[in-house]
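Dear colleague,

Please find below the structure that I am handing over for your records. A summary of the findings follows it.

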Amino acid sequence: MTPIPSSSDQVVFVPHTAPVNADNDFRRLGTVLKRSAGIIAASAALAAGTAYLLAARQTPVYQSSASLITVRNDGGSSLLNGSVFAAPSLPRGALQEALQSSDVRGRVVNQLQTFGKGLPAATLTGLTSQVRNDIGSVLNVQAQGSGQQDGVFDVKASATSPQAAQALADAGAAALLGWDAGRAQVRLAQLRRSFEGQFESLDTQLQAAPTAATSPRRAALERQTLTAARAQVLQNLAQVTALEQSTAGSLAALASAELPRQAASPRPARSAVLAALLTALLVGGAALLWAGRRRTVYSEQDVLGWGVPVLGRLPSVPGIHNGSGLLAALHSGGWQNGVNFLRVNVLSQLGTTGAAGQPRRVVVASAGTAEGRSSVTVALALSLAQSGERVLVVDADTHRAAQTGLWQSLQSQNNTRPSAAGEAGRPIPVTERVDLLPASATRRMDGSLDQTRLERVLDGISAQYDTVLFDTPPLLTSPDAVALAAAADGLVLIVVPGATSLDDVSAAFDAARTVRARVLGVLLNARPRLNGAAVAPAPAVVARERVGGETITQ
């Protein structure tokens with residue numbers, strides 16, 4: 001704090017304007033999430049319910065799969081040495097590409113006529129149409145392993161009924177097996193055409209071979225060679241003909257499709273859980289971003305950087321803005337303790353009397369609206385009165401004028417008759433040891449505060465009181481509040497945890513520093529908003545306030 005001498009040789013403590021507000025403080029983040037827990041939970045529940053209803057209305061989709069496995073072969077390098085000709089193994093992705101071909105689509109349609117005999121005609125017709133137009137939406141192949149030499153392929157089918165999914169998966173597997181076996185037939189057909197061409201060529205050469213008249217020995221040798229070659233080609237053609245009856249592909253059936261027991265989608269419960277988690281993350285992140293942008297006060301740790309003490313903490317009490325709620329708060333242990341700490345700390349800083357033997361003048365103010373100034377002023381006045389003080393409450397908020405209504409409501413709740421309005425410009429007794437100077441006593445015709453008239457009234461009656469409390473408008477919106485703070489012995493600034501921004505508090509301290517007002521400290525008032533939006537209490541931090549050289553623990 002920076003001491004600045006005043007005209008009355010009184011040391012005025014002006015707060016610094018560099019608060020401690022670490023944006024990466026995990027405790028702050030946890031506090032923000034805790035305060036936003038209600039909104040996060042409500043948003044997550046709404047999203048979960050919506051997702052569940054939308055998913056439940058969707059048409060169920062069932063999935064079934066048949067499995068194929070690759071078999072080892074020599075890739076056709078010994079074509080004529082075995083009794084079975086096998087096609088080469090398939091590389092990764094070949095089956096999925098083959099599934100898009102017109103040949104395989106036609107095979108699937110044909111196989112559906114066999115595997116889908118028990119399906120309703122409309123279902124079978126729909127499956128056939130989907131296979132012809134967009135087979136990828138209902139049938140696909142996924143490879144397990146390398147997809148080369150050894151591997152397993154899952155033929156997965158999707159349909160709107162369990163039986164249709166099973167039939168389509170089996171039809172797809174059978175179609176791919178037929179296509180794979182057909183690859184060997186294509187290879188044998190190529191070999192047949194090659195051998196037939198060789199045979200025709202050898203036959204032509206035999207017909208054109210030289211005769212014995214030219215060179216008997218040479219002619220005989222050439223004809224013998226061509227005859228042997230043609231015989232070998234004929235033997236190869238015979239073997240190809242035999243192999244065409246015993247071809248084999250590189251795939252074999254591993255497992256047929258099973259009837260699915262439950263739908264693969266939609267799953268309303270899973271959709272609801274995922275929607276709730278995603279919404280909670282989004283809303284929680286938005287709350288953190290908003291809190292980081294707004295830089296809100298959450299606990300006493302956020303105001304220590306200004307160099308002023310925390311005079312007390314008041315817990316949240318619903319309905320505190322009306323008489324019944326205020327009466328309930330005054331009888332609650334937490335609120336009573338907080339107000340008593342406020343009284344003790346204020347008196348310990350101000351001493352027994354104000355300047356020049358006058359009563360202490362204390363301004364109860366806030367940076368913004370709806371932060372509990374009037375309620376705190378009433379509670380502090382009653383606490384001072386219970387300690388033996390004579391207290392005058394000045395309603396300096398001429399536009400709002402809440403003090404008269406609060407005191408009348410308290411008198412009504414206590415089954416006592418409200419005090420009649422006193423002489424114009426004079427205080428009104430509202431309870432034992434507490435008088436009220438209503439806003440009407442010092443209000444101009446335009447509704448503003450007549451400070452000259454207020455000073456004249458106070459000069460005439462100040463000797464009757466030990467403490468004068470001023471309920472002022474917000475410091476950031478009213479020059480009257482700033483002027484009263486400058487003339488008072490001390491200023492108590494009310495801050496609502498979770499609602500008052502650090503920028504507003506900093507601006508309020510700047511206003512106090514400009515007029516050399518003495519800021520006694522900050523009161524953390526965790527009160528509900530007037531619109532019913534609850535403000536949660538500040539974190540439970542053990543507070544130690546120094547009072548007259550003694551340390552008091554709350």
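I begin with Asp471, which counts as buried at 0% relative accessibility; buried means under 20% relative accessible area, exposed over 50%, and partly exposed in between, with a 1.4 Å probe and protein chains only. The model is a predicted one, in which local features need pLDDT of at least 70 and side-chain atom pairs count only at pLDDT 80 or more, while totals for chains, interfaces and linings use all residues. Residues are numbered from 1 along each chain as its sequence is written, and side-chain values use heavy atoms, with hydrogens and water left out.

Salt bridges

The structure holds eight salt bridges, a salt bridge being a side-chain nitrogen of Lys or Arg within 4 Å of a carboxyl oxygen of Asp or Glu. One of them joins Asp471 to Arg373, with the closest N and O atoms 4.0 Å apart. This pair links distant parts of the chain, since Asp471 is in strand E14 (residues 467-471) and Arg373 in helix H11, 98 residues apart. Helices (H or I, at least four residues) and strands (E, at least two) are DSSP runs, numbered from the N terminus.

Arg373 also forms a salt bridge with Asp397, where the closest N and O atoms are 3.3 Å apart. Arg373 lies in helix H11 (residues 373-386) and Asp397 in the loop between strand E11 (391-395) and helix H12 (403-413), so this pair ties together parts that are 24 residues apart in sequence. Arg373 is buried at 4% relative accessibility, and Asp397 is buried with a relative accessible area of 6%.

A further salt bridge is formed by Arg390 and Asp435, with the closest N and O atoms 3.3 Å apart. Arg390 lies in the loop between H11 and E11 and Asp435 in strand E13 (residues 434-437), so the pair ties together parts that are 45 residues apart in sequence. Arg390 counts as partly exposed at 27% relative accessibility, whereas Asp435 counts as buried at 8%. Through shared partners, salt bridges join Arg373, Asp397 and Asp471 into one network.

A buried aspartate without a salt bridge

Asp170 lies in helix H6 (residues 162-207). Asp170 is buried yet has no salt bridge, and the nearest side chain of opposite charge, Lys117, is 13 Å away; Lys and Arg count as positive and Asp and Glu as negative, with His and the chain ends not counted. The side chain of Asp170 does reach the backbone nitrogen of Ala257, at 2.8 Å.

Leu95 and helix H3

Leu95 has its place in helix H3 (residues 94-99) and is buried, with a relative accessible area of 1%. Not counting residues up to four places away in sequence, Leu95 touches Leu90, Val141, Phe153, Leu176, Trp179 and Leu251, where contact means heavy atoms within 4.5 Å. The C-alpha atoms of Leu95 and Ala143, 48 residues apart along the chain, are separated by 8.8 Å.

The two sides of helix H13

In helix H13 (residues 451-461), the buried residues are Leu454, Val457, Leu458 and Ile461. They cover an arc of only 95 degrees around the axis, which puts them on the same side of H13; the arc is that of the directions from the helix axis to the C-beta atoms. On the other side of H13, Thr452, Arg456, Asp459 and Gly460 are exposed. The buried residues of H13 pack against strand E10 (360-366), E11, E13, E14 and helix H14 (479-487).

With kind regards

Methods
Polar contact = N/O pair within 3.5 Å; in protein donor to acceptor, adjacent residues only side chain to side chain.
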